[in-house]
Amino acid sequence: MSVELLTYAELGARLNVSREAARSLARRRRFPRSRSDDGKALVGVDFSELRYRPRPRIGRQADPIAASMAKIEAFKSEAFKAEIARLEAKAAGYRADFERERERADRLAVELLQAAAETTAANAWAGQLEDEVADLRTGRRASGSTAGRAALRLGHLAAAIVAADRAAFR
């Protein structure tokens, strides 16, 4: 009858069970317990009298409600993942549309600025031409006859129109 003082972890290692199983066995069999200097519990065990074989683990049957809930949660999770993927694809499509429209708006803004500049230039030219036409009508220029002046001014006017037309197409 040799009694050994072991901690729960040491007893579990000798019996090939967990520390908690060894602790439970010591309680059930009412082995004498004491405290060591470092504060750990020691159990007095006589291995010659101890006839202990750990029972094989029997797999527990899962609770049918818990299993059903797990299946439902898995289904929900998959449904949410599919919905997220669908929404991400839709968002990518909207993003592409947005980028395309932004580029189009930028191009239109540039065209609008060019058209505004051309309009300003055309208005300035039109004002200049109106002044020249008014001068021709009133005959304010004193260089030669009225018919000669009109022909000269008409030539200048035609040249100005051609130059304006060329400038507009550049």
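**Entry 1: L129 and its helix**

I started with L129, which sits in helix α3, a run covering residues 64-138. I kept in mind that this is a predicted model.

Is L129 buried or exposed? Its relative accessible area comes to 18%, and because the cut-off for buried is under 20%, I noted L129 as buried.

Next I asked which residues L129 is in contact with, leaving aside its neighbours within four places in sequence. I found L157, A160 and I161.

**Entry 2**

I then turned to the strands. Three of them form an open sheet, ordered β1-β3-β2, and the pairing is antiparallel. Strands β1 (3-7) and β2 (33-35) are at the edges; each has a single partner strand, so one side of each lacks a neighbour in the sheet. From one strand to the next, I read an average twist of 35 degrees.

How many bridges join β2 to β3? I counted 3, between strands that run antiparallel, with β3 taking in residues 41-46. I also picked out one pair for my notes: S34 has L42 in β3 as its bridge partner. As a reminder to myself, strands of a sheet pair through backbone hydrogen bonds.

**Entry 3: the helix across the sheet**

Last, I checked where helix α1 lies. This helix, residues 8-15, lies across β1, β2 and β3. Against β1, I noted that α1 runs at about 110 degrees.

Terms used. Residues numbered from 1 in each chain as written. Predicted model: local features only at pLDDT ≥ 70, side-chain atom pairs only at ≥ 80, totals over all residues. Heavy atoms only, no water. Pairing = 2+ DSSP bridges. Helix = DSSP H or I, 4+ residues; strand = E, 2+ residues; numbered from the N terminus. Axes fitted to C-alpha atoms, helices over the stretch in contact; angles between N-to-C directions. Contact = heavy atoms within 4.5 Å. Buried < 20%, exposed > 50% of the residue type's maximum accessible area, 1.4 Å probe, protein only.
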